[in-house]
Amino acid sequence: MTTEGNAEQARNLVTRLRPHFIFSEAPWDPTSLDCDEVPTILRAMWSEASEWHLLAEDHYDVFGFNLWSPVDLPEKTTKIFGDEECRQEWLQDHSDLPSCAAPGWLCCMALSDYDYLLVCLDANSKQFGHVHHIVNNCDEENYCSTVGELFVHVANFVEIAKAQKEAGVTSSRDVQDGLVGINGALRRVRASIIDTVLNMEEEDDDDDDDD
């Protein structure tokens with residue numbers, strides 16, 4: 001899938017993802033995001049539901065894998081850096097990338113309360129559709145992938161995790177599938193998804209034991 005994506009590919013990918021996620025909001029209102037263009041896969045997912053969560057509860061919008069509602073994303077993005085002054089400091093400290101603290105980047109995904117994924121939504125930028133992973137309590141920022149590529153990986157990681165769960169695997173350390181050829185940021189996404197799915201299994205088992 002290209003950076004901009006293909007509408008049919010995006011719909012097929014949404015179909016793959018849908019069974020594995022919880023939707024907590026109605027579909028996206030196109031007027032709620034102030035930008036000229038949105039990558040095809042994000043438009044397809046937000047048209048299905050404004051929020052996507054891997055966990056059914058206790059995700060707090062950050063734990064597991066979460067796609068946020070497009071509402072108020074500029075404010076949420078600045079908040080993950082601390083405030084506007086902190087965002088400018090981050091931009092200066094990571095000017096070699098170029099940094100996702102620059103204008104036109106929005107945070108719309110989270111893996112934990114310090115792991116966030118930001119997407120460039122500036123259609124005039126060469127980085128349009130690129131995703132960066134930041135760890136905001138360690139001042140780390142790295143390129144992840146394009147947003148279309150990211151959600152292909154997310155679908156793969158969830159399917160790998162569910163298959164390992166059915167096979168009785170209980171530790172993410174025992175899961176090797178999906179590691180070849182991915183960078184550190186994608187490895188962090190993979191680890192979060194697999195750990196979340198395997199922990200779901202442990203919770204289900206605990207419930208069965210209580211019965």
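Trainee: Quick one on H1 and H5. Is their crossing left-handed or right-handed?

Mentor: The crossing of H1 and H5 is left-handed. Keep in mind that this is a predicted model.

Trainee: At what angle do the axes of H1 and H5 cross?

Mentor: Roughly 30 degrees. H1 covers residues 7-17 and H5 covers residues 147-166, and their axes come within 10 Å. Angles under 35 degrees count as roughly parallel, so H1 is roughly parallel to H5.

Trainee: Which residues make the contact?

Mentor: H1 brings Leu-13, Arg-16 and Leu-17. From H5 come Gly-148, Phe-151, Val-152, Val-154, Ala-155, Asn-156 and Glu-159.

Trainee: And how many of those are nonpolar, polar or charged?

Mentor: The contact of H1 with H5 has 6 nonpolar, 2 polar and 2 charged residues.

Trainee: Now H3 and H4. What is the angle there?

Mentor: About 70 degrees, with the axes of H3 and H4 7 Å apart. The range for roughly perpendicular is 65 to 115 degrees, so H3 is roughly perpendicular to H4.

Trainee: Left-handed or right-handed?

Mentor: H3 and H4 cross in a left-handed way.

Trainee: Which residues meet in that pair?

Mentor: On H3, look at Pro-74, Thr-77, Thr-78 and Phe-81. On H4, they meet Glu-84, Cys-86, Arg-87 and Trp-90. By class, that contact has 4 nonpolar, 2 polar and 2 charged residues.

Trainee: Which helix and which strand each supply at least two residues of the lining?

Mentor: Helix H3, residues 73-81, and strand E4, residues 105-110.

Trainee: What about the classes in the lining?

Mentor: The lining of the largest pocket has 9 nonpolar, 3 polar and 6 charged residues.

Trainee: Backbone next. Is the peptide bond from Leu-97 to Pro-98 cis or trans?

Mentor: The bond from Leu-97 to Pro-98 is cis, with omega near 0 degrees.

Trainee: Where is Pro-98 found?

Mentor: Pro-98 is in the loop between helix H4, residues 84-93, and E4.

Trainee: Last one. Is the phi of Asp-58 positive or negative?

Mentor: Positive, at about 60 degrees, although Asp-58 is not a glycine. Asp-58 also lies in a loop, between strand E2 (52-53) and strand E3 (66-67).

How values were computed. Residues are numbered from 1 along each chain as its sequence is written. This is a predicted model: local features need pLDDT of at least 70, side-chain atom pairs count only at pLDDT 80 or more; totals for chains, interfaces and linings use all residues. Side-chain values use heavy atoms; hydrogens and water are left out. Helices (H or I, at least four residues) and strands (E, at least two) are DSSP runs, numbered from the N terminus. Ala, Val, Leu, Ile, Met, Phe, Trp, Tyr, Cys and Pro count as nonpolar, Asp, Glu, Lys and Arg as charged, and the others, Gly among them, as polar. Axes are lines fitted to C-alpha atoms, for helices over the stretch in contact, and angles run from 0 to 180 degrees between N-to-C directions. Angles under 35 degrees count as roughly parallel, over 145 as roughly antiparallel, 65 to 115 as roughly perpendicular and the rest as oblique. A crossing is left-handed if the near helix is turned anticlockwise from the far one by less than a right angle, and right-handed if clockwise. Contact means heavy atoms within 4.5 Å.
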